Amino acid sequence: MPSLKELRGRIGSVKQTQKITSAMKLVAASKLKRAQEQAEASRPFALKMSAMLANLAAGVRDLPGAPPLLAGSGKEETHLIVVATSDRGLCGGFNSSIVRAVRRRIAELLDAGKAVKIICIGRKGRDMLRREHGKLIIEFVDGVAGKRRMEYADAALVAQKILDLYAAGEFDVCSIIFNRFKSAVTQIVTLQQIVPVEPPAPVEDTAAASQAEGGAIYEFEPDEEQILSELLPRNLAVQIFGALVENAASEQGARMAAMDNATRNAGEMIRKLTLRYNRQRQAQITKELIEIISGAEAAVG
Amino acid sequence: MAEASTDKLAFELVSPERVLASVHADMVVVPGEDGDFGVLVEHAPLLSLLRPGVISIYQGQQVEQRIFVEGGFAEVNPKGLIVLAEAAAPMGELNLDDARQSLKDAEEDLGDARDPTEPERERLERAITVARARVEALEFQG
């Protein structure tokens, strides 16, 4: 049975913790807003680029000279997995759910006799994967996930690394695993294949417009192949950027939910401890009274 | 996208991070890979690469806005003109000294690189092309 003093101490410390978690929740909420705005702002570019790509890729994909980024390397031996996590913890299941998906994916691929390589963006993912799959991690991109604002230049650098590896024949298929932002409380672990490019379904407004025009024929300048060869690497960067931005918003959402929970739990704990404290205080008073009374009675008798 | 208008061209300039411009203009001149071209309303559908250069937005006979882009893509469709640019800045925000300095830096980078691999060399050369185009655009503007 803890003493009254100990209980008082514990109530105090839980109250302090609650203050911290509720402050973190507020901070996460405001960061979430910013991250969401950014995710929104970066969407038009990605949409338009994939619409453009859909227009172009349809005609070129099956030609013998199709660029390898689109057609693939003809093998599926080595898989490169880009793991996007956060730099900081205290965000609920955000990182562990990504890492769990990665582990499962790695196990699947290894079982199927494929080779696996990993690029980590974000410290947490690297820390969690290092113990088990340390040898598979070929690259760790530091200082990107923790930024207040994702920058396209960072995504472009990562894309460049991936392109260089691809050109050197280091892998055949590349996918990125991140948390897609659905709402502040729901994030969906998403595996997206980025090399070779999955054909974007031609659904966007330009495609609809061209159908309305009876399949408008585009003129190309200089020509389709050249545009495509410029567009594909950029598309890679855009997809990575999109994943990072979604991830940043998800991270803040997850942290907000986790901290909200923690604050509520702390409240519950304070309530219970206070109840116990009061009970014990009353028991003590009663005990002291009994002692006094029985002492007095003994003296009289 | 801005609502359709019959006599003006809907023009959008989009960067990965945000939409930089969304206006209706009488004409937009774009630095295509094979030379500048002007886009008026109801231009034939076109996809083009852009070289680093200046996009001029015309209202009537006047240039209303000039924006420097570091290359990108232009798509003309029945709805209007969309330019996707990885990096862009209004000409007013650039200055000649900085531009010259970055050209010098880019050239030094290439000079300093000890036997760069082919993709590296391409990257460095591209940086120089962009920097040079920026200087030329600013010098031309005076």
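This tour moves through chain B of a predicted model, one selection at a time.

Eight strands and two helices are present, and from the N terminus on they follow the order β-β-β-β-β-β-β-β-α-α. Of the 142 residues in chain B, 32% are buried. Among contacts between residues at least 6 apart in sequence, 48% join residues at least 24 apart.

Next, colour residues 9-91 and 95-141 of chain B separately; the domain assignment gives these ranges as domain 1 and domain 2. Their centres, taken over C-alpha atoms, are separated by 23 Å. Where the two domains touch, six residues of domain 1 are in contact with six residues of domain 2. On the domain 1 side, select β5 (46-59) and β6 (62-77) of chain B, each of which supplies at least two residues. Strand β5(B) gives the most to this side, with three residues. By type, the residues of this side divide into four nonpolar, one polar and one charged.

Now select B:Val83. Not counting residues up to four places away in sequence, B:Val83 touches B:Leu13, B:Val30, B:Ile55, B:Val69, B:Gly72 and B:Ala74.

Then display chain A as well. The largest nonpolar core has 94 residues, and those touching the most other members are A:Val83, A:Ile240, B:Val28 and B:Val83. Helix α8 (residues 224-300) of chain A contributes the largest share of this core, 19 residues.

Finally, select B:Ala99, B:Leu103, B:Ala131 and B:Ala133, which are included in a second, separate core of five residues.

Note on methods: Residues are numbered from 1 along each chain as its sequence is written. Chains are lettered from A and ligands numbered from 1 in the order in which they are written. This is a predicted model: local features need pLDDT of at least 70, side-chain atom pairs count only at pLDDT 80 or more; totals for chains, interfaces and linings use all residues. Helices (H or I, at least four residues) and strands (E, at least two) are DSSP runs, numbered from the N terminus. A residue is buried if 20 or more other C-beta atoms lie within 10 Å of its own, exposed if 12 or fewer, and partly exposed in between; C-beta atoms are placed from the backbone. Two residues are in contact if their C-beta atoms, placed from the backbone, lie within 7 Å. A nonpolar core is a set of buried Ala, Val, Leu, Ile, Met, Phe, Trp, Tyr and Cys residues joined through C-beta atoms within 7 Å. Domain bounds come from an automatic or database domain assignment. Ala, Val, Leu, Ile, Met, Phe, Trp, Tyr, Cys and Pro count as nonpolar, Asp, Glu, Lys and Arg as charged, and the others, Gly among them, as polar.
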